[in-house]
Amino acid sequence: MATIYEVSKAAGVSLATVSRVINGNARVSERTKEKVHKAMDALGYKPNAIAQSLASNRTNSVGLLVSELHGSFFGDMMSSIESMLRDAGKHVVITAGHSEAEKEKQAIEFLISRRCDALILNAEAVSEDYLKSLLDNNIEIILINRDIESLQERCIVLDNQLGGYLATKAAIEQGHTEIAYISGPHFKEDAQQRLAGHKQALKEANISFDSDLCFEGGYHESEGQEGFNVLRSANDSFTALVCANDEMASGAMTAARENGLSIPDDLSIIGFDNVLFARYLYPKLTTVDNPIAKMGEMAANWVLSNIYQQKINTEITHLFKPELVVRDSLGAVRAG
């Protein structure tokens, strides 16, 4: 196997220059880089990743913690982060925390043990104190979907309350006054905020919030089905149903049809996230766009700029605004 010394000799440059080329140092001219790469190719030289990381104190790997590995929502997040970092010559190590504090801690410790240069965390259950302790121990982190006031420069979040408000306001503007709601799990910050937005829109329209018209789900399709059936048995007069994500909205649509209802003639349904399948449901789902792919790209940009000191072509955005996407599942309330 060829050595770095042989590459240095073949390229006619110093060992330090070869090392800088291998480690992607921007101060090396393109002409010199080309000479070194040609010598490496000719000799079949492969850099030793372990030696590189020891020399540079960088592993060129970024840890990513997500709540779940399934579903298009987290798929969009993972894909956008991996794609951007791969294009920058970095690798992503992915693990899941399943929204449980102990599992999230175990996953984070795993990523730290792999000597990741930074961690992108969709951490929902671990405490703020734990996250701050990571920084105290020189672990670089950027948070997605977690808003911590003292760490706002490291948080990339959606205005979830505005999203919840927009969804319910859309139903109200179509004349609906009896509006049911299927929330996400109440321990999750985004679920709390979306429900707060729902209540805000009701209050603004002088519509009283009715706890019998609210069901706590878990962001899964099956809970959308269950939620519809529970709500229907408690109060079958509601004409619109707002769901805190598209998966639950999809389940609710199935349950509504099984109960003989036509959407949107008998019942309007609104989701949240605007995942890929929302536009292929029947009828196509009115929803709130949650730009999770762009948020993932922003987290990757933060890492490239702050950890790897790479020049990026965008300003870091910490707060994203949701937008209503009107499709066919929302209609005007029927007279009588």
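Reader: Where is the place of G271?

Author: Glad to start there. This is a predicted model in which local features need pLDDT of at least 70 and side-chain atom pairs count only at pLDDT 80 or more, while totals for chains, interfaces and linings use all residues. Residues are numbered from 1 along each chain as its sequence is written, and side-chain values use heavy atoms, with hydrogens and water left out. Helices (H or I, at least four residues) and strands (E, at least two) are DSSP runs numbered from the N terminus, and G271 sits in the loop between β9 (268–270) and β10 (287–289).

Reader: Is G271 buried or exposed?

Author: Buried means under 20% relative accessible area, exposed over 50%, and partly exposed in between, with a 1.4 Å probe and protein chains only. G271 has a relative accessible area of 0%, so G271 is buried.

Reader: How many Å separate the C-alpha atoms of G271 and A249?

Author: A contact here means heavy atoms within 4.5 Å. Not counting residues up to four places away in sequence, G271 touches C243, N245, D246, A249, L285, T286, T287 and V288. A249 lies 22 residues from G271 along the chain, and their C-alpha atoms are separated by 5.3 Å.

Reader: Which residues is T95 in contact with, leaving aside its neighbours within four places in sequence?

Author: T95 belongs to strand β2 (residues 91–96). With 15% relative accessibility, T95 counts as buried. Beyond those sequence neighbours, its contacts are L64, L65, V66, A107, F110 and L111.

Reader: On to charges: which side chain meets K103 in a salt bridge?

Author: A salt bridge is a side-chain nitrogen of Lys or Arg within 4 Å of a carboxyl oxygen of Asp or Glu, and by this rule the count comes to eleven. K103 is partly exposed at 37% relative accessibility, and E100 is partly exposed at 40%. At 3.7 Å, N to O, the partner of K103 is E100.

Reader: What is the relative accessibility of R154, which meets E140 in a salt bridge?

Author: The side chains of E140 and R154 meet at 3.1 Å, N to O. This pair links distant parts of the chain, 14 residues apart, with E140 in the loop between α7 (128–136) and β4 (141–144) and R154 in the loop between β4 and β5 (155–158). E140 is partly exposed at 30%, whereas R154 counts as buried, at 16%.

Reader: How many residues apart are D159 and K321?

Author: These two form a salt bridge whose closest N and O atoms are 3.4 Å apart. D159 is in the loop between β5 and α8 (160–173), K321 is in the loop between β11 (319–320) and β12 (323–325), and the pair links distant parts of the chain, 162 residues apart.

Reader: Which element gives the most to the lining of the largest cavity?

Author: On a 1 Å grid over the protein atoms alone, a cavity is a set of points where a 1.4 Å probe fits but cannot get out, and lining residues have an atom within 4 Å of a point. The largest cavity holds about 30 Å³ of space, a volume being the space filled by probe spheres set on the points, which are joined across faces, edges and corners. Its lining consists of N145, V157, L158, N160, E189, D190 and Q193. β5 and α9 (189–204) each supply at least two of the lining residues, and the most, three residues, come from α9.

Conventions. On a 1 Å grid over the protein atoms alone, a cavity is a set of points where a 1.4 Å probe fits but cannot get out, and a pocket is an open set with protein on both sides within 12 Å along at least five of seven lines; lining residues have an atom within 4 Å of a point.
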